[in-house]
Amino acid sequence: MPYAHDRVRAIVWHEDALELLDQRRLPGETDYQRLTTAAEVAQAIRDMVVRGAPAIGIAAAYGVVLAAKARHAENPNCWRILMVADLAQLAAARPTAVNLVWALRRMERVMAEAGGAPVERFLAEARAIHAEDLAANRRMGELGAALLGERGAVLTHCNTGSLATGGYGTALGVIRRGYEQGSIERVYADETRPWLQGARLTAWELVQDEIPVTLLADGAAAALLRQGEVRWAIVGADRVAANGDVANKIGTYHLAVAARYHGVKFMVVAPTSTMDMSIASGAEIPIEQRAAEELLTLGGQPVAAVGAEVWNPSFDITPAVLVDALVTERGVVLAPDAEKMARLMAEAG
Ligand code: MRU
């Protein structure tokens, strides 16, 4: 079986409803939420029932299907106008990952074209977005794994796996493929404070796939890289600017700095749906600020001094100059810059 190392699906369309694996409850519980309205999908994205850049785009696309169904039933003559508010609500759910608005734009094009009975047409487009993401991940898995070289360990940050995508994963897809082909013997996973995507989700996916995984506190990454065992740091992205700057989970930037300092290669794996050529550099990427409670509490228990203020950005920007390889489904860009990005995206059509 070619893709033995990929057993989880976070997003399922089933009997006219969207079923999302509730990622807030992993790894303890594997519960699927059944959603039947666009408002519920927007809420699920906001609350991180579903998270990860490609996954929130796919979920939003299915949210548009639910909106079309409800609005067309409500008024078959002006369903398009009624849907505008649903699209706006979905677009506002989270600000940093551009895949969300990318997917909504694709669904909007269907809105312009679809005739009398539009729901099937919307569903076909959402399914296409979902299937294309899975195919892109498998292609990136091949392309990224081909760069790995000599057998060794890799370090990853956050969760970029089947849970964060339509399946297989971006950075975790490269890791799955690299392990399968024998270039990776161990995966180090940053725990990824404060939401613990590394500890709760990445480690869970890797343990299920029987890929050896060692967890570390985010602050231990530089010390690990200094030891010389890790050959590549491999991460995903929420948005890549026209000059190759990368927005990804908070902690990615200091990992890239430490990797460069220690001579460890830094790979970003992201589909072209994550590229935002409308912005010149990472300075223009909106960074989501999340609730203070994420730092003040742990598992619902207070852990910080009462009265402390909190700065809790969910993402940071890694300058393109720290990226050795950007892996997309259209090809690999070594040392990305504005010119190479423009060439890649022109080829992408
Ligand atoms: O806040 P999250 O969990 O949605 O953040 C996810 C990340 O930062 C991932 O690294 C990124 O979306 C790439 S997922 C393939």
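What follows is a short tour of domains, core, rings and a few backbone details.

Ground rules. This is a predicted model: local features need pLDDT of at least 70, side-chain atom pairs count only at pLDDT 80 or more, and totals for chains, interfaces and linings use all residues. Residues are numbered from 1 along each chain as its sequence is written, and side-chain values use heavy atoms, with hydrogens and water left out.

Start with the domains. There is domain 1, 11-136, and domain 2, 137-348. Those bounds come from an automatic or database domain assignment. The C-alpha centres of the two domains are 25 Å apart. Their contact takes 28 residues from domain 1 and 35 residues from domain 2. Contact here means heavy atoms within 4.5 Å.

Next, the core. In soluble globular proteins, nonpolar side chains tend to be buried together. I call it a nonpolar core when buried Ala, Val, Leu, Ile, Met, Phe, Trp, Tyr and Cys residues are joined through side-chain atoms within 4.5 Å. Buried is under 20% relative accessible area, exposed is over 50%, and partly exposed is in between, with a 1.4 Å probe and protein chains only.

Which residues touch the most other members of the largest nonpolar core? I11, L18, L20, I45 and F122, out of 51 residues. Several elements each supply at least two residues of this core, including β1, β2 (17-21), α1 (38-46) and α7 (197-208). Helices and strands are DSSP runs, by the way: H or I of at least four residues, or E of at least two, numbered from the N terminus. The largest share of this core, 13 residues, comes from α2. And this core draws at least three residues from each of domain 1 and domain 2.

Apart from this core lies another one, of 29 residues; A153, V230, V268 and V323 are among them.

Zoom in on I11. Skipping neighbours within four places in sequence, I11 is in contact with L18, E19, L20, V50, A55, I58, A59, Y62, H130 and T165.

Now α2 itself. It runs over residues 53-74, 22 residues in total. From first C-alpha to last, α2 reaches 31 Å, close to the 32 Å expected at 1.5 Å a residue. That expected span is 1.5 Å times one less than the number of residues. Is α2 enclosed or open? 18 of its 22 residues are buried, so α2 is largely enclosed by the rest of the structure.

On to the rings. Phe, Tyr and Trp rings (the six-membered ring for Trp) pair if their centres lie within 6.5 Å; planes under 30 degrees apart are stacked, over 60 edge-to-face, and the rest tilted. How many aromatic pairs does that give? Two.

Pair one is W13 with Y62. The ring centres are 5.4 Å apart and the planes are at 15°, so this pair is stacked. W13 lies in strand β1 and Y62 in helix α2, so the pair ties together parts 49 residues apart in sequence. Both ends are inside: W13 is buried at 13%, and Y62 is buried at 2%.

Pair two is W79 with F122. This one is edge-to-face, 6.0 Å centre to centre with 85° between the planes. W79 sits in helix α3 (residues 79-91) and F122 in helix α5 (residues 119-145), 43 residues apart. W79 is buried at 3%, F122 at 0%.

Charges over rings come next. The test is NZ of Lys or CZ of Arg within 6 Å of the ring centre and within 35 degrees of the ring normal. R200 has its charged end over the ring of W195, 4.5 Å from the centre. R138 lies over the face of Y168, at 5.9 Å.

Last, the backbone. The L26 to P27 peptide bond is cis, omega near 5°. P27 is in the loop between β2 and β3 (32-35). The R193 to P194 bond is also cis, omega near 0°. P194 is in the loop between β5 (184-190) and α7.

Two non-glycine residues have positive phi. D16 is near 65°, in the loop between β1 and β2. M48 is near 65° too, in the loop between α1 and α2. D16 is partly exposed at 45%, whereas M48 is buried at 1%.

That's the tour. Over to you.
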